[in-house]
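Reader: Hey, I'm new to this one. Could you walk me through it?

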Amino acid sequence: MNIFMMLAPMSVFLGLLGVGEPLIYGVSLPLGRPFVTAGAGGAAGGAFVGFFSMLGDKIGSTAIGPSGWALFPLLKGTGGLALTAAIYAGGLLTGYVVG
């Protein structure tokens, strides 16, 4: 069995919990193309959130460490909870579509 086939299910499960290192170093980096597309997706999602930050709707986290879907309960922003969650969700969606 291919080593990537053995690592992928565990890495995806850990990635959904917000631990990205197994996906980065075990699967994406050795394959090359997924690593580049993940970087492009992260840049696009960050640009989406940064664009709204330039417009004055700053969002952030109340803790350091969680990422992805696990960060939703820890969001804090200047425009209220619904707007903050919508901007963050838009950034995640943009990152997934581009990456």
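Reader: So in what order do the elements of the protein chain run from the N terminus on?

Author: Keep in mind that this is a predicted model. Starting at the N terminus, the order is α-α-α-β-β-α. That gives the protein chain 4 helices and 2 strands.

Reader: And what does the C-alpha trace span along its principal axes?

Author: About 50 × 25 × 20 Å. The chain has 99 residues, and 16% of them count as buried.

Reader: Switching topic: at what angle do α2 and α3 pack?

Author: Helix α2 covers residues 21-31 and helix α3 covers residues 33-54; their angle is about 105 degrees and their axes are 4 Å apart. Angles of 65 to 115 degrees count as roughly perpendicular, so α2 and α3 are roughly perpendicular to each other.

Reader: Which residues meet there?

Author: From α2 you get Ile-24, Ser-28, Leu-29 and Leu-31, and from α3 Arg-33, Pro-34 and Phe-35. By class, that contact has 5 nonpolar, 1 polar and 1 charged residues.

Reader: What about Ser-11, buried or exposed?

Author: Ser-11 is buried, at a relative accessible area of 4%. Ser-11 sits in helix α1, residues 3-16.

Reader: Which residues is Ser-11 in contact with, leaving aside neighbours within four places in sequence?

Author: Pro-22, Leu-23 and Val-27.

Reader: And how far is Ser-11 from Arg-33, C-alpha to C-alpha?

Author: Those two atoms are separated by 17 Å, and the residues are 22 apart along the chain.

Methods:
Residues are numbered from 1 along each chain as its sequence is written. This is a predicted model: local features need pLDDT of at least 70, side-chain atom pairs count only at pLDDT 80 or more; totals for chains, interfaces and linings use all residues. Side-chain values use heavy atoms; hydrogens and water are left out. Axes are lines fitted to C-alpha atoms, for helices over the stretch in contact, and angles run from 0 to 180 degrees between N-to-C directions. Angles under 35 degrees count as roughly parallel, over 145 as roughly antiparallel, 65 to 115 as roughly perpendicular and the rest as oblique. Contact means heavy atoms within 4.5 Å. Ala, Val, Leu, Ile, Met, Phe, Trp, Tyr, Cys and Pro count as nonpolar, Asp, Glu, Lys and Arg as charged, and the others, Gly among them, as polar. Buried means under 20% relative accessible area, exposed over 50%, partly exposed in between (1.4 Å probe, protein chains only).
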